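Please keep the sequence and the structure at hand while reading.

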Amino acid sequence: MTSENQLDPHSEITLRVNGKPHTLLVDHRRVLLDLLREDLDLTGSKKGCDHGQCGACTVLVGGRRLNSCLVLAVTLDGGEVTTIEGLIGDGEEPHPLQQAFLDRDAFQCGYCTPGQICSAVGMIAEAAAGHPSHVTDPAAPSGRPVPLDRPEIRERLSGNLCRCGAYPRIVEAVEDVIR
Amino acid sequence: MKALGYLRPGSVQEAVEAFAAHPGARYLAGGTNLVDLMKLGVESPAVLIDIGRLPLNTVEELPDGTLRAGATLRNSDLAAHPLVRDRYPVLSQALLAGASGQLRNAATTGGNLLQRTRCPYFQDLDKPCNKREPGSGCGALQGVHRDHAVFGHSVHCIATNPSDLAVALAALDARVELYGTEGTRCIPAADFHRLPGEHPERDTEIRPGELITGVLLPAAAAGVPSAYRKARDRASYAFALASVAVVLHVADGVVDRIALAFGGLAHRPWRAHHTETALLGAAATPAAFEGAVALELERAEPLRDNTYKVPLARNLALDVLNRLTPTPATL
């Protein structure tokens with residue numbers, strides 16, 4: 001067995017980010033958020049609290065929303081990440097949620113917005129897959145899509161703080177897209 | 001954070017062997033608490049053993065009807081699983097009352113049970129804390145302790161356990177399945193977490209190097225009406241000030257099955273045995289509930305600034321007990 005001081009503090013990983021493959025030598029302490037912002041220059045994902053309490057760093061990993069500040073990059077080796085920059089895809093048109101945020105003026109300073117939008121993309125998919133929330137009626141049948149009314153949207157996006165207080169318009173923007 | 005070795009074993013056996021070779025290591029799965037504690041400097045392992053990809057991410061029904069929920073299942077998947085929602089609603093509700101959608105997508109069954117207290121003195125290296133640094137004292141005892149324990153605390157530690165999942169498991173009489181160098185063993189979920197006593201640095205009964213492989217949900221509790229209710233400082237995304245998990249069956253107006261556990265009140269889920277004993281076989285009436293809940297809560301020992309927790313816990317318990325009691329029309 002190797003002793004602790006012989007373990008390499010770095011690993012080479014492959015990561016597909018917004019459709020593009022990357023091979024990176026990462027320090028094991030590197031969290032996904034810092035890798036995106038500092039190594040790949042994808043600065044759309046924001047560092048708010050850096051402790052999983054604000055949601056500004058939310059990205060999609062394998063299609064599921066996560067706080068990228070709490071995920072060590074090495075654990076994602078071979079995985080697939082989508083950030084706010086990747087939501088547009090190949091086209092020029094913004095993602096429907098991005099357009100809805102613009103139409104509804106669903107931000108003031110905009111710092112939480114990339115996290116809000118990535119979180120909303122993940123949240124809509126979760127509800128469609130039948131995932132309940134804290135406000136879902138416990139008697140609702142399991143395994144069926146959960147309709148997203150306002151209380152559902154608010155609860156499911158509660159992991160994304162907006163210190164400007166744009167919540168009413170964020171909810172309206174999400175409603176525009178799911179309608 | 002200091003430089004880190006990283007290992008990703010391919011099996012539970014390899015994981016346990018990796019720990020034996022690196023005794024200062026920590027197992028890593030979702031990382032939602034451990035990575036945070038590493039950033040704070042509370043945890044500084046030399047080696048991480050990544051168990052997040054081990055094949056422990058299923059819900060399976062055993063021949064005797066026990067439901068086995070794997071240790072690396074993400075909280076969101078466990079909460080959404082149809083068998084869990086249908087048979088053990090209290091478990092699904094407890095998970096959904098915790099954290100945020102993002103965190104539940106990462107956090108695992110095993111990690112949820114092993115998360116550390118959110119006591120601010122524990123998380124601040126500049127403050128004394130017997131849990132973080134045995135013998136340094138407890139800053140919360142005479143400090144800011146509005147969120148702290150009212151049951152089972154000691155002069156060494158007044159922290160509470162933050163897990164919602166653990167409270168539901170305690171009320172369900174679930175068991176925690178562990179694997180170590182000496183093989184597999186199970187501990188009742190209600191006994192998995194410890195009271196602080198003189199050793200608050202030990203949160204649970206787990207032995208060094210042991211790995212949680214899953215939790216076992218008993219067939220006897222399947223389908224019994226159950227619910228979780230949690231009070232917190234904001235409507236969502238906050239730890240419990242107090243919470244309650246109740247499993248209650250009433251037949252012909254009489255309680256014939258009752259389990260009640262409080263969260264947010266102690267260093268571990270607090271089973272209200274005095275309430276349960278008083279209610280078993282009693283008429284399921286609001287007055288009986290009130291008397292029985294009082295029997296437990298009159299034993300509480302609140303601190304200077306958290307006396308509010310006692311009536312809060314009472315109101316939560318009475319609400320859920322009454323809600324789970326069938327009205328005459330539905331008997």
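## Basis and overall form of chain B

Two residues are in contact if their C-beta atoms, placed from the backbone, lie within 7 Å. The model discussed here is a predicted one. In chain B, residues 24 or more positions apart account for 64% of the contacts with a separation of 6 or more.

Chain B contains 12 helices and 12 strands. Along the principal axes, its C-alpha atoms fill a box of roughly 65 × 50 × 35 Å. The radius of gyration of chain B is 20 Å, which agrees with a compact globule, because a globule of 331 residues would have a value near 20 Å. Of the 331 residues in chain B, 55% are buried.

## Domains of chain B

The domain assignment divides chain B into domain 1 (5–50) and domain 2 (226–326). Taken over C-alpha atoms, the centres of domain 1 of chain B and domain 2 of chain B are separated by 37 Å.

## The parallel sheet of chain B

Three strands of chain B form an open sheet in the order β1-β3-β2, and their pairing is parallel. The edge strands are β1 (5–7) and β2 (26–28) of chain B, each of which pairs on one side only. On average, neighbouring strands of this sheet are turned by 30° against each other, direction ignored.

Three bridges link β2(B) with strand β3 (residues 47–50) of chain B in the parallel sense. Opposite B:Leu48 in β3(B) stands B:Arg26.

How much of strand β10 (residues 242–251) of chain B is buried? Seven of the 10 residues of β10(B) are buried, and the strand is thus described as mostly covered. In a regular strand, side chains alternate between the two faces of the sheet.

Strand β10(B) has antiparallel pairings with two strands. Strand β9 (residues 226–231) of chain B is joined to β10(B) by six bridges, and the two run antiparallel. Here B:Ala227 has B:Val246 in β10(B) as its bridge partner. Nine bridges join β10(B) to strand β11 (residues 254–263) of chain B, again in an antiparallel arrangement. B:Ala251 has B:Val254 in β11(B) as its bridge partner. The hairpin of β10(B) and β11(B) has two residues between the strands, and B:Asp252 in this hairpin takes a positive phi near 50°.

## Domains of chain A

Chain A is assigned domain 1 (4–86) and domain 2 (96–178). The centres of domain 1 of chain A and domain 2 of chain A, taken over C-alpha atoms, are 23 Å apart. Contact between them involves 14 residues of domain 1 of chain A and 14 residues of domain 2 of chain A. On the side of domain 1 of chain A that touches domain 2 of chain A, the elements giving two or more residues are β3 (58–61) and β4 (64–67) of chain A. The most is given by β3(A), with three residues. By class, this side of domain 1 of chain A has six nonpolar, five polar and three charged residues.

Helix α1 (residues 32–39) of chain A has A:Leu32, A:Leu33, A:Leu35 and A:Leu36 buried. The cover over the buried residues of α1(A) includes β2 (20–27) and β5 (79–82) of chain A. After α1(A) comes A:Asp41, which has a positive phi near 60°.

A:Pro96 belongs to helix α2 (residues 96–104) of chain A. A:Pro96 and A:Leu161 are 65 residues apart along the chain, and their C-alpha atoms are separated by 21 Å.

## Contact between the chains

How many residues does the contact take from chain B and from chain A? Chain B gives 37 residues and chain A gives 37 residues. On the side of chain B that touches chain A, at least two residues each come from β1, α2 (34–40), β3, α3 (75–80), α4 (82–87), α5 (89–96) and α6 (101–106) of chain B. The most comes from α6(B), with five residues. By class, the side of chain B that touches chain A has 18 nonpolar, 14 polar and five charged residues.

Notes. Residues numbered from 1 in each chain as written. Chains lettered and ligands numbered in written order. Predicted model: local features only at pLDDT ≥ 70, side-chain atom pairs only at ≥ 80, totals over all residues. Buried ≥ 20, exposed ≤ 12 C-beta atoms within 10 Å, placed from the backbone. Helix = DSSP H or I, 4+ residues; strand = E, 2+ residues; numbered from the N terminus. Pairing = 2+ DSSP bridges. Domains from an automatic or database assignment. Nonpolar A, V, L, I, M, F, W, Y, C, P; charged D, E, K, R; others polar. Axes fitted to C-alpha atoms, helices over the stretch in contact; angles between N-to-C directions. Rg over C-alpha atoms; globule rule 2.2 N^0.38 Å.
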